[in-house]
Amino acid sequence: MAAVLMGWGPHRFEVGRAAFEELRRRVHARWEKHAIIGRRPAGQYLGPGEEIVSLRGTIYPVDQGGGVELLIAAMLADCRAGATHILLSESGDIAGPHRLEAAQTVESFHLPDGTPQKLVYDLDFAVHDDGFGQIWSLWP
């Protein structure tokens with residue numbers, strides 16, 4: 001059984017199958033600028049902003065006997081549908097509901113039947129704090 005590096009709902013990033021090469025995190029804070037005559041604008045902290053987890057990986061489907069394309073296709077379908085799943089890393093430092101906000105794939109080195117020999121993916125997951133799509137439940 002392959003070691004799982006990270007999972008997003010039913011989707012797994014496993015060593016030797018769909019392992020990612022890069023994991024990037026961007027954390028933002030929300031600041032509102034207020035103009036002050038004769039001084040630089042003052043900033044007022046409004047709370048946490050977006051938190052993005054980006055994965056980049058390369059898959060060689062031919063070496064793996066196929067099936068990896070189905071994983072990527074399923075993730076793209078979830079992205080189009082606005083699905084939210086729990087993102088959990090092996091180390092436990094990334095956990096909680098995340099949505100796949102952007103996904104990009106690049107296929108290259110195609111065989112005569114159209115099967116790519118190389119597939120590069122970039123995925124951007126954002127923390128999803130609105131109660132699994134029920135933001136209105138937070139309002140009075």
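**Salt bridges, strands and a pocket**

User: Which residues are linked in a network of salt bridges?

Analyst: This is a predicted model, in which local features need pLDDT of at least 70, side-chain atom pairs count only at pLDDT 80 or more, and totals for chains, interfaces and linings use all residues. Residues are numbered from 1 along each chain as its sequence is written, and side-chain values use heavy atoms, with hydrogens and water left out. A salt bridge here is a side-chain nitrogen of Lys or Arg within 4 Å of a carboxyl oxygen of Asp or Glu. Such bridges link Arg25, Glu51 and Asp93.

User: How far apart are the closest N and O atoms of Asp93 and Arg25?

Analyst: Asp93 and Arg25 form a salt bridge. The pair links distant parts of the chain, 68 residues apart: Asp93 is in the loop between strand 5 (84–89) and strand 6 (95–110), Arg25 in strand 3. Strands (E, at least two residues) are DSSP runs, as are helices (H or I, at least four), and they are numbered from the N terminus. The closest N and O atoms of Asp93 and Arg25 are apart by 3.8 Å.

User: Are Asp93 and Arg25 buried, partly exposed or exposed?

Analyst: Buried means under 20% relative accessible area, exposed over 50%, and partly exposed in between (1.4 Å probe, protein chains only). Asp93 has 49% relative accessibility, and Arg25 has 39%. Because these values fall in the middle class, Asp93 and Arg25 are both partly exposed.

User: What is the N to O distance in the salt bridge of Glu22 and Arg24?

Analyst: By the rule above, the model has 5 salt bridges. Glu22 is partly exposed at 33%, and Arg24 is partly exposed at 33%. Their side chains meet with an N to O distance of 3.5 Å.

User: Which residue in strand 7 is the bridge partner of Val53?

Analyst: Two strands pair if DSSP finds at least two bridges between them. Strand 4 (residues 42–59) pairs antiparallel with strand 3 (residues 22–34) over 12 bridges, where Glu32 stands opposite Gln44. Strand 4 is also joined by 8 antiparallel bridges to strand 7 (residues 116–127). There the partner of Val53 is Phe125.

User: Which strand gives the largest share of the lining of the largest pocket?

Analyst: On a 1 Å grid over the protein atoms alone, a pocket is an open set of points where a 1.4 Å probe fits, with protein on both sides within 12 Å along at least five of seven lines; lining residues have an atom within 4 Å of a point. The largest pocket has a volume of about 230 Å³, counted as the space filled by probe spheres set on the points, which are joined across faces, edges and corners. Of its 10 lining residues, the closest to the centre are Gly49, Glu50, Glu51, Val127 and Asp129. The largest share, 5 residues, comes from strand 4.

User: Is His11 buried or exposed?

Analyst: His11 is in strand 2 (residues 11–14). Beyond its neighbours within four places in sequence, His11 is in contact (heavy atoms within 4.5 Å) with Met6, Leu71, Ala74, Met75 and Asp78. At a relative accessible area of 7%, His11 is buried.
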